[in-house]
Protein chains: 2
Amino acid sequence: MLPDLNLRVLPRTVQQATVDKLRLAIFSGVFEPGSRLVESQLCVQLGISRPSLREALRSLAAERLIDIVPNKGPFIPALSWEQVTAIYEARELLEVEAVGRCSQTISQQELQALEKALSAFEAAASSNDALARVTTAADFYSIILANCGNPILEEIHRGLVARISLFRSRSMSLKGRALSSLAEMREIYNSIAAGDEKAARKAARKHVLKAMAAAKKSMECGN
Amino acid sequence: MLPDLNLRVLPRTVQQATVDKLRLAIFSGVFEPGSRLVESQLCVQLGISRPSLREALRSLAAERLIDIVPNKGPFIPALSWEQVTAIYEARELLEVEAVGRCSQTISQQELQALEKALSAFEAAASSNDALARVTTAADFYSIILANCGNPILEEIHRGLVARISLFRSRSMSLKGRALSSLAEMREIYNSIAAGDEKAARKAARKHVLKAMAAAKKSMECGN
DNA sequence: GTCAACCAAATTGTCAGACAATCTTTCAAT
DNA sequence: ATTGAAAGATTGTCTGACAATTTGGTTGAC
């Protein structure tokens with residue numbers, strides 16, 4: 001009998017779990033941009049000790065998900081529009097490249113997974129679940145980046161998208177943006193499925209630029 | 001009288017100083033790739049406490065300059081050639097874009113600084129100082145990346161170059177590579193000075209590809 | 001009433017020490 | 001030689017402490 005079979009390869013430490021929790025909290029907008037994170041409060045809320053928390057915070061700071069100012073402590077960065085633009089531009093550069101490569105190298109099996117992810121986003125786009133829209137869209141990109149043949153591009157892209165997650169969820173809530181996004185993603189998918197690299201790159205570029213425009217719009221209105 | 005005027009904006013903490021020290025040590029090849037870093041030893045060597053050290057290590061791990069395996073601890077990653085290739089490819093993508101942008105936006109003053117950096121590398125290329133070659137070359141790129149109009153590209157590029165610093169210094173010690181590199185960099189500089197974006201991108205791509213080839217060569221020989 | 005200086009509370013930076021969990025190595029037994 | 005177990009080393013985590021710095025409010029002078 002195997003009462004407690006555990007195939008977990010890497011044991012999860014408290015600090016890792018904390019990083020994941022905090023990252024998710026930041027994604028979800030639990031913390032107001034610009035607001036300070038008080039160590040002692042977080043310790044209690046997370047049920048961990050201050051050293052463990054501080055280690056987790058250093059990780060997040062290195063990921064640029066939080067800023068730490070000496071003697072003032074960590075806080076959620078309030079990105080300026082210029083910074084957001086710079087991130088979107090970098091994302092464009094990476095994503096266009098990844099989509100282009102992906103169109104040439106993706107396997108049939110992964111292509112089916114991509115189609116499935118597109119369907120999932122389609123369902124979410126029609127719903128009112130803002131979180132589902134963002135996560136299903138993220139799954140779609142994730143498959144593309146995982147099949148571009150370069151794990152570094154994937155890694156960097158994930159980091160960039162993480163930093164603008166709030167803008168993405170806000171802009172995705174913009175009226176009509178989800179459906180527009182769906183059309184653009186379908187275009188990307190079709191180009192990849194057809195193995196048309198040039199069209200795929202073009203579609204990817206268009207998609208990011210439109211996403212950036214939507215983010216700008218949502219930023220001007222909401223704030 | 002102002003006996004102790006201090007214009008330092010951000011106070012340096014032990015943690016920050018430790019990250020910088022360790023980063024530099026990793027750059028310099030003080031630690032063998034694949035070797036483990038023992039916390040208690042580093043504490044003594046650096047003269048700091050274990051919590052402070054661990055915070056610094058978490059930062060470095062997030063930068064991917066070290067790996068931390070749960071219950072085994074931190075160690076210097078031994079990059080495979082595939083990983084190095086992936087990093088060089090990502091570097092190519094970013095650097096070509098940055099050089100292209102830079103050629104269109106750089107100011108006269110910064111252009112002079114770039115020329116000066118090129119001269120510095122020229123001097124280093126003829127010398128036997130391997131470290132000087134790497135640092136002066138890094139200064140050259142640094143100016144380009146700082147003037148590409150997108151701080152995110154700069155940030156990502158710095159991170160990538162840091163991860164392959166050992167390969168760069170090794171390949172830069174290859175016979176003839178420094179002079180070849182100088183020629184390529186001069187071509188980049190001339191294209192930027194001429195404001196010729198297309199030529200600048202082409203030269204930048206060529207340079208990275210040659211650097212990658214040199215890195216591969218040095219990897220096969222030396223190891 | 002406004003502004004400055006100053007004091008007190010809150011928060012961070014850093015350290016020391018401790019202990020359990022886990023990994024590594026050594027050594028003995030089969 | 002392979003296996004197994006015990007001993008040592010190392011990491012993961014917590015508690016507690018204290019100095020340095022920031023923050024906020026109070027007091028006092030003008």
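This is a predicted model: local features need pLDDT of at least 70, side-chain atom pairs count only at pLDDT 80 or more; totals for chains, interfaces and linings use all residues.

Me: How many residues of chain A are in contact with chain B?

Reply: There are 23 residues of chain A in contact with 23 residues of chain B.

Me: And which elements of chain A give two or more residues to that side?

Reply: They are α3 (50–62), α4 (81–105) and α7 (151–163) of chain A.

Me: What about the residue classes there?

Reply: The side of chain A that touches chain B has 13 nonpolar, 4 polar and 6 charged residues.

Me: How are the two copies related?

Reply: Chain A is superposed on chain B by a rotation of 180 degrees with 0.0 Å of shift along its axis, at an RMSD of 0.0 Å. The two copies are thus related as by a two-fold rotation axis.

Me: Why do the copies meet through the same surface?

Reply: Because 100% of the interface residues of chain A are also interface residues in chain B.

Me: Changing topic: at what angle do α5 and α9 of chain B pack?

Reply: Helix α5 (residues 108–126) and helix α9 (residues 177–194) of chain B pack at about 170 degrees, and their axes are 10 Å apart. α5(B) and α9(B) are therefore roughly antiparallel to each other.

Me: Which residues make the contact?

Reply: Among them are Leu111(B), Leu118(B) and Phe121(B) of α5(B), and Leu182(B), Met185(B) and Tyr189(B) of α9(B). By class, the contact of α5(B) with α9(B) comprises 11 nonpolar, no polar and 3 charged residues; Glu115(B) and Arg186(B) are part of this contact too.

Technical notes
Residues are numbered from 1 along each chain as its sequence is written. Chains are lettered from A and ligands numbered from 1 in the order in which they are written. Two residues are in contact if their C-beta atoms, placed from the backbone, lie within 7 Å. Helices (H or I, at least four residues) and strands (E, at least two) are DSSP runs, numbered from the N terminus. Ala, Val, Leu, Ile, Met, Phe, Trp, Tyr, Cys and Pro count as nonpolar, Asp, Glu, Lys and Arg as charged, and the others, Gly among them, as polar. Axes are lines fitted to C-alpha atoms, for helices over the stretch in contact, and angles run from 0 to 180 degrees between N-to-C directions. Angles under 35 degrees count as roughly parallel, over 145 as roughly antiparallel, 65 to 115 as roughly perpendicular and the rest as oblique. Copies are superposed by least squares on the C-alpha atoms of residues with pLDDT of at least 70 in both.
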